[in-house]
Amino acid sequence: MSGEEDLAKDLGPLAALTIGVGTMIGAGIFVLPGTAIETAGTLAVASFVLGGVIALFTAMSASELGTAMPRSGGAYYYVNHALGPLFGSIAGWANWLGLAFASAFYMFGFGDYVTAIFAVEATYTLGPVSVTLAKLIAIAGAIFFTAINYVGAKETGRLQNVIVVLLVAILAVFTLLGTLRADPANLPPSNGFGPTMLTTGLIFVSYLGFVQITSVAEEIKEPGKNLPRAVIGSVLLVTTIYALVLIVMSAAVPQGFVAEVSAAGDIAVVEVGERLQGAIMGGALLFGGLLATASSANASILASSRINFAMGRDSILSPQINEIHDRFATPYRAIAITGALILVFLVAGNLELLASIGSALHLIIYGLLNIALLVMRTADPDEYEPDYRVPLYPLVPILGVITSFALIYYIRDDATLISFGIVGAAVLWYAGYARTRTTKQGILSEYILDRSDEMPEPAVSAADAVAPDGGDYRVMVPLANPEHEKDLITLASAVAKQRGGSVVATHIVTVPDQTNLSRAAEDLGDIDAESERLLDRARSDAETSGVDVEAHTVLSHQGFEGIFDAAHTYDADMVVMGWGPDSHGSPGRAESAIDEMTGSLPCDFLVMRDRGFDPSRILVPTAGGPDSDLGAEVARLLGREFDAEVTLLYVAGRDDEDAEAFLEGWADDHDLADAERRVETGDVETAIEDAARDATLVVLGASEQGLFQRLVGGSVVMDVVDDVDCSVVLAEKKHDRSLRERLFG
Amino acid sequence: MSELFERVLLPVADPDDAAATCRALDGHDVGAVLAVHVIEKGGGAVDKASVEQREEYAAEIFEVVTDHLGEATDLETRIAYGADVPETIFEVADEFDATSVVITPRGGSRWVRLLTGDVALSLVTETDRPVVVLPDVSGVADGGATASDEDDAATDDRSERAESGGSQT
């Protein structure tokens, strides 16, 4: 890593820790303990500890993923990367809205503290609407913190560190002095398992912050070391603080005190502090609560803009949301939208509902995060090298999944319903919007589709069904021989143009096996010049046809494997390549290239035997079947693009009547009803060759049987390719058939 | 070529600023140019926007610069990171051994400058090398006939730019 990039990472371990602690501590301790003790009795402590344990499982998983992928966007990024964009969409929306709900909840707390400090309480009624003063202040606070992030005052970031240290200090004194006064006799009776779990569901909103650390992982110094420390450390720290505060609040004051003050509408922790340690502690806690809720909201709004960015980058959201403000250099749109959501939630919801929805949405993300870890470990892609590894794998992430999802059961029903509604909406969002735009596939579906033979069929088809289709249709053209460059690019451009896509021109340079690829890249000098000339011509040819084009030089040891790799790298939907004795430089090269084409095809392939590209009269011999579909489509696209005359040819056996009907049906099915139809009998090869005499281009579906078998057996397709005088395009559809099936048809 | 423009450091803050600065350079005989975009860091606190996002933004800005100057000039671009933008610009100027730092005033109301910090003012007052403040000539020097969308967008605040340019020099 260069020195410049090092400068981009300037968050030390303390700063990273305070993001987590600052986001969490505001909520839990200053707003909810009163309700918790009322509901769960003595076991309120257990609720907070249980919440901490559940959070800890996920914190460990998040740390491992974070050290492996210190990227902007945190939880959303990991889920999207590992599980693909369907789950990425769920995690992204849940994370974004979860933070907005939580921020609204923090602002409620903020409003409570402000009214408590000024000892005013009021309700304003305007017609049928009545609003409490606390709610009005909450709304004003939300506007204020949104505005701060919109303008981007970096001072707030530093202030956050000071606030957190101050808060921890206040709470340390409070609990230290408080435990001295603790008396087990004061403990309220336990209310049993059910209420305790319900309480855990409610207070879990106190454990949302640690995952926000991962959303700024890219800014943390030495993330391999500091990220796990900050994430896990913040969970351990706040769990301890919560537990101690709860012990003080239940054991150091007489039974019923907390319920009494809560019922009176006072803030429990402040009243307890005042009673135990006098007005100064009461004041300190009041002030602390104000700072804590403010810092939680501020950090959440900031974190949510990172999630928006990552979602926009993957086209799960419109990238337009990511526009940077000219003057403030902030993602002002994302922040403004988040601010508006917070306001809506504030107006529509109440404190407990907002907290519960925030918790439920985060629990969904936590579950997915743990699953993402299991997937990454199982698929174990080469680039996955976390510095921190979860202990007791796979027990920890499995417990993380189970406990996270199980806790959702104990969250109040209306909140759960709304949260699942959001998940459902995210799925629809993916199907209706994101699927055609995003290109990232996700490790899980890659893993399944790569092993489609071994995996159960439902898993394979499910993975295939939800796979993103990227929107932009990309036609890659591997170029070797300058002579055919223009024809290949013209063909590719026509297809790309008809499908509203773009062309990716690649010059694949084959490097001898004994030459190291990085060494070859160093003395790229003359390769570079040759590449540049070739790609420049390709670029201008494609631009002439009016399609977008990008160009790349690729070094590879094996020509054809290089094409496959490049197709993968550049997300090609179709590869258009030349083939013939001279198309890859050396005689015979392409023959062996086709030999290699016996595995699975990563995308559709058009292989052109180029004898001059003239699409004015196109012949499409067909026998039906999936590969003739692609041939038909290509013929149709070319017909439309070049106003060509298309002739369909079917070589029938003896029963002529059926053949006419078949070809007519086939033409209708493939939108080629306008094409001339020709039915011949006799030898297939001769018939095709005869028909080809009138044609300028033959488009053939390539793999009714294994292509390899045809080659070896000298079957129809190959002979035709050699014997006709015009150019031939072989069309073969993307498929994942096994090598054995491919070889023997 | 005047010695002043032998090695020019071009701080660019946003795409419009980049276009304005490049336009202002038109007609001057310029040697090597280093366009620099400073990503303001929190200096130990969370940044106001994702660094990856700011890097993408920088690429957009450099595209504008390359479109304007790429053909004719010996042009380099660089992203710099620093908590103090003017200071970072001067550090880069040192490394590049710049003979001058060329800016055009960005204007903006007093409030905007209060909120964002007045980088231009700091550049002029804290400098250890020539800082050339060129007027934003936008439509005029280009010839109005070829005014692009960008120029149109700049029209609104042109008077503002000119005004603040006057008050700063």
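A residue counts as buried when its relative accessible area is under 20%, as exposed when that area is over 50%, and as partly exposed in between (1.4 Å probe, protein chains only). The structure is a predicted model, in which local features need pLDDT of at least 70, side-chain atom pairs count only at pLDDT 80 or more, and totals for chains, interfaces and linings use all residues. Residues are numbered from 1 along each chain as its sequence is written, chains are lettered from A and ligands numbered from 1 in the order in which they are written, and side-chain values use heavy atoms, with hydrogens and water left out.

The two chains are described in turn. Chain A has 745 residues, of which 58% are buried. Its secondary structure consists of 30 helices and 12 strands, where helices (H or I, at least four residues) and strands (E, at least two) are DSSP runs numbered from the N terminus.

Chain B has 169 residues, and 50% of them are buried. This chain contains 8 helices and 5 strands, which follow one another along the sequence as β-α-β-α-β-α-β-α-α-β-α-α-α. Its accessible surface is about 7,700 Å², with 49% belonging to carbon and sulfur atoms. A contact means heavy atoms within 4.5 Å. Among contacts in chain B between residues at least 6 apart in sequence, 82% join residues at least 24 apart. For chain A, residues 24 or more positions apart likewise account for 82% of the contacts with a separation of 6 or more.

One loop of chain B gives a local example of such folding back. P130(B) sits in the loop between α5 (119-125) and β5 (131-133) of chain B and is partly exposed, with a relative accessible area of 39%. Although P130(B) and S100(B) are 30 residues apart in sequence, their C-alpha atoms are 4.9 Å apart in space. Leaving aside residues up to four places away in sequence, P130(B) touches L4(B), T99(B), S100(B) and V101(B).

Where the chains meet, 31 residues of chain B are in contact with 33 residues of chain A. The size of an interface is often given as the accessible area lost when the parts come together. Here the buried area (accessible area, 1.4 Å probe, that two parts lose on being put together, summed over both) is about 2,900 Å², and carbon and sulfur atoms give 52% of this. V46(B), K48(B) and E52(B) supply 24% of the area that chain B buries against chain A, more than any other three residues.

Polar contacts also cross the interface. A polar contact is a pair of N or O atoms within 3.5 Å; within protein, one must be able to donate a hydrogen and the other to accept it, and residues adjacent in sequence count only if both atoms are side-chain atoms. The rule finds 14 residue pairs of this kind between chain B and chain A, both residues being at pLDDT 80 or more. On the side of chain B that touches chain A, the elements giving two or more residues are α1 (15-25), α2 (51-69), β3 (74-82) and α4 (110-116) of chain B. The largest share, 6 residues, comes from α2(B).

Side chains of opposite charge can pair when their charged atoms come close. A salt bridge is a side-chain nitrogen of Lys or Arg within 4 Å of a carboxyl oxygen of Asp or Glu. There are 22 salt bridges over all chains, and 3 are found across the interface of chain B and chain A. In one of them, K41(B) pairs with D10(A), the closest N and O atoms being 3.5 Å apart. K41(B) lies in the loop between β2 (32-40) and α2 of chain B, and D10(A) in the loop between α1 (3-8) and α2 (13-31) of chain A, so the pair joins two chains. Both partners are buried: K41(B) has 2% relative accessibility and D10(A) has a relative accessible area of 12%.

E52(B) takes part in another salt bridge, with R313(A) (2.3 Å, N to O). R313(A) lies in helix α13 (residues 268-313) of chain A and E52(B) in helix α2 of chain B, so this pair also joins two chains. R313(A) is partly exposed, at 24% relative accessibility.

Notes:
Accessible areas come from the Shrake-Rupley method with a 1.4 Å probe; for residues, only the protein chains shown count as cover.
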